[in-house]
Amino acid sequence: FNRRPFFIGLLLACLAFLWLWNVWDAHRQAKEKRPGGFGIFALVLFSFFALGWQISEIDVYRMIREFPDATKPFSRVIWPWKAAFTREEILITAEAQIQVPCSDSAPPIPEEVEGKAYLKAEPNCGELSRRDASNQIVPGTLTHLTGRNFRPNTETEIWWSDPLGNEFQVRQAGAYITLMTDDQGGFEFDLIMPYRLIPPSSAAIQTHEVQARQLASMGELKASEPLLLTIERMVETIFMGMMATLFGIIFSIPISFLAARNIMAGSWVTIMIYYITRTVLNIIRAIEPLIWAIIAVVWVGLGPFAGIIALTVHSIAALGKLYSEAIEAIDPGPIEAVQATGANRLQTIMFAVVPQMIPPFVSFSIYRWDINVRMSTIIGLVGGGGVGFILIQYIRLLDYRAAGIAVWFIAVTVAVLDYVS
């Protein structure tokens with residue numbers, strides 16, 4: 001009630017109104033002998049809806065308010081092809097030395113070389129940012145950076161290197177400094193010398209270095225590593241589904257006869273086998289393939305083999321149920337005809353049962369392959385191999401473009417298999 005008083009209060013009001021409605025409806029029926037209307041059922045439904053809204057903590061306002069935060073990763077997943085192809089990348093750098101603090105022997109400003117990236121800092125000496133007695137940042141010297149001969153219209157990062165060899169990308173106003181070069185490959189920027197904690201042993205005059213780094217793409221387009229890895233794992237996923245389906249068919253066919261009542265109704269022994277088989281199939285099928293995958297990973301380790309084991313176990317239970325129901329739905333006429341010729345139970349199954357169950361068996365088997373391929377993408381999340389394994393890695397690394405490539409391949413593959421089946 002403290003968490004969501006509106007919905008709890010609304011629910012209590014509905015219950016009170018429902019009780020009053022019952023009293024009034026009973027009086028009306030006793031007096032007029034008329035059946036009740038639909039309104040009472042609508043009120044019950046509304047009460048359940050109000051309770052479900054409260055328990056499931058639906059927050060439409062938060063969903064709408066935070067939707068802009070989800071648009072960026074969502075757009076990358078929907079259209080990830082920028083990360084599917086890449087070019088050979090080279091790192092273009094230029095640096096300028098900065099003395100801290102200033103002295104009579106300040107480093108000279110470097111000369112510009114035609115065709116080579118160039119960076120100049122004016123002034124090229126000064127004081128670093130520091131912290132005062134109240135632990136507040138006191139800005140350092142403002143130096144003007146001028147860059148030329150970089151690749152035009154390309155992002156360029158500003159880095160700093162201290163005398164100890166530590167490198168870091170410079171932040172200013174709470175964000176990393178990333179510049180965009182102009183049409184001639186140049187840029188200008190005012191940089192506040194950053195804060196660095198230097199050991200007392202290095203407290204003399206120091207020479208720092210400011211760097212401009214530009215990652216440029218050159219050469220022809222080629223498939224990126226996420227694309228190649230996704231294709232490889234997608235092929236693995238398809239064959240995982242195929243192998244699990246094949247093993248499931250092999251084991252589920254004999255089990256399905258034991259789970260068919262019309263086949264096992266001959267004596268109390270066979271009917272007990274029928275009930276035991278059905279119970280075991282129901283238990284196995286009730287456990288999700290994801291759980292079987294976790295058990296298989298502990299058993300045989302990470303990889304596609306664990307996924308095949310998980311899918312095979314679940315396929316046996318699912319196909320065993322479907323096959324047995326197909327057997328129970330066959331026409332008893334051919335069975336009686338074959339038995340009238342003196343055929344034994346095995347001959348009756350071979351010549352009267354099998355010919356009738358082949359069409360549904362084929363349909364169920366193809367559809368199960370489609371299901372196993374889709375499940376393969378999920379069990380990979382717990383180490384069962386397939387494309388799901390790399391998909392969860394990309395999501396954890398917040399690489400939404402690479403994750404989008406995997407999602408697209410999963411969707412296309414499932415659509416193709418659905419059409420084939």
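Helices (H or I, at least four residues) and strands (E, at least two) are DSSP runs, numbered from the N terminus.

I note that this is a predicted model, in which local features need pLDDT of at least 70 and side-chain atom pairs count only at pLDDT 80 or more, while totals for chains, interfaces and linings use all residues. Residues are numbered from 1 along each chain as its sequence is written, and side-chain values use heavy atoms, with hydrogens and water left out.

Next I looked up accessibility, with buried meaning under 20% relative accessible area, exposed over 50%, and partly exposed in between (1.4 Å probe, protein chains only). Glutamate 325 counts as partly exposed because its relative accessibility is 32%, and lysine 321 is also partly exposed, at 25%.

Salt bridges that share partners join Arg62, Arg65 and Glu66 into one network. Within it, the closest N and O atoms of glutamate 66 and arginine 65 are 3.1 Å apart; glutamate 66 is partly exposed at 32%, and arginine 65 is partly exposed at 45%. I then turned to the pair glutamate 122 and lysine 120, whose side chains form a salt bridge at 3.7 Å, N to O. Here glutamate 122 is partly exposed at 37%, whereas lysine 120 counts as buried at 18%. The structure holds eight salt bridges.

Is serine 324 buried or exposed? Serine 324 lies in helix α9, residues 304-328, and counts as buried because its relative accessibility is 0%. A polar atom of the serine 324 side chain lies 3.0 Å from the backbone oxygen of glycine 320. Leaving aside neighbours within four places in sequence, I found serine 324 in contact (heavy atoms within 4.5 Å) with Ser256, Ala259, Ala260 and Arg278.

I went on to the nonpolar cores, each a set of buried Ala, Val, Leu, Ile, Met, Phe, Trp, Tyr and Cys residues joined through side-chain atoms within 4.5 Å. The largest has 23 residues, and Leu119, Ile158, Trp160, Leu191 and Val210 have the most contacts inside it. Two or more residues of this core come from each of β1 (85-100), β2 (118-122), β6 (155-161), β11 (187-192) and β12 (206-223), and β1 gives the most, with five residues. Not counting residues up to four places away in sequence, valine 210 touches a set that includes Ala94, Ile98, Leu119, Ile158, Trp160 and Leu191. A second, separate core of 19 residues includes Ala260, Ile263, Ala343 and Met357.

Last, I looked up the lining of the largest pocket. On a 1 Å grid over the protein atoms alone, a pocket is an open set of points where a 1.4 Å probe fits, with protein on both sides within 12 Å along at least five of seven lines, and lining residues have an atom within 4 Å of a point. The largest pocket is lined by 16 residues, of which Lys82, Ala83, Phe85, Glu89 and Arg401 lie nearest its centre. At least two lining residues come from each of β1, β12 and α13 (400-420), and β1 gives the most, with four residues.

Terms used. A polar contact is a pair of N or O atoms within 3.5 Å; within protein, one must be able to donate a hydrogen and the other to accept it, and residues adjacent in sequence count only if both atoms are side-chain atoms. A salt bridge is a side-chain nitrogen of Lys or Arg within 4 Å of a carboxyl oxygen of Asp or Glu.
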